[in-house]
Amino acid sequence: RDDPATQETVGRAAAALSGARAFFYQAVAEIVEAAGAGCEYTLSQRARARLAFAHAADTAGVVRLAACV
């Protein structure tokens, strides 16, 4: 806990997860907003959402591996 290298690893992992989470929620919000307005969401919005979903999953996997070291 008091090891600087451990603190750095935990800090980087927390930052990576926060970024991935923000990207994920922003992409979902765009889709929900379009649906709420009665509009079809665009191909660009779908692609961004899929990218955000994949990024969140990949980031979670990397963070999990870092936590196990």
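## Overall form

The protein's secondary structure consists of two helices and zero strands, where helices (H or I, at least four residues) and strands (E, at least two) are DSSP runs numbered from the N terminus. Its radius of gyration, 16 Å, is well over the 11 Å that the globule rule gives for 69 residues, so the protein is more spread out than a compact globule. That radius is taken over C-alpha atoms, and the rule is 2.2 Å times the number of residues to the power 0.38. The C-alpha trace spans about 50 × 15 × 15 Å along its principal axes.

The model is predicted: local features need pLDDT of at least 70, side-chain atom pairs count only at pLDDT 80 or more, and totals for chains, interfaces and linings use all residues. Residues are numbered from 1 along each chain as its sequence is written, and side-chain values use heavy atoms, with hydrogens and water left out.

## Surface and burial

Of the 69 residues, 17% are buried (under 20% relative accessible area, 1.4 Å probe, protein chains only).

## Thr 59

Thr 59 belongs to helix H2, residues 43-68. Thr 59 counts as buried because its relative accessibility is 9%. A polar atom of its side chain lies 2.8 Å from the backbone oxygen of His 55. Leaving aside residues up to four places away in sequence, Thr 59 touches Ala 16, Leu 17 and Ala 20 (contact: heavy atoms within 4.5 Å).

Note on methods
Buried < 20%, exposed > 50% of the residue type's maximum accessible area, 1.4 Å probe, protein only. Polar contact = N/O pair within 3.5 Å; in protein donor to acceptor, adjacent residues only side chain to side chain.
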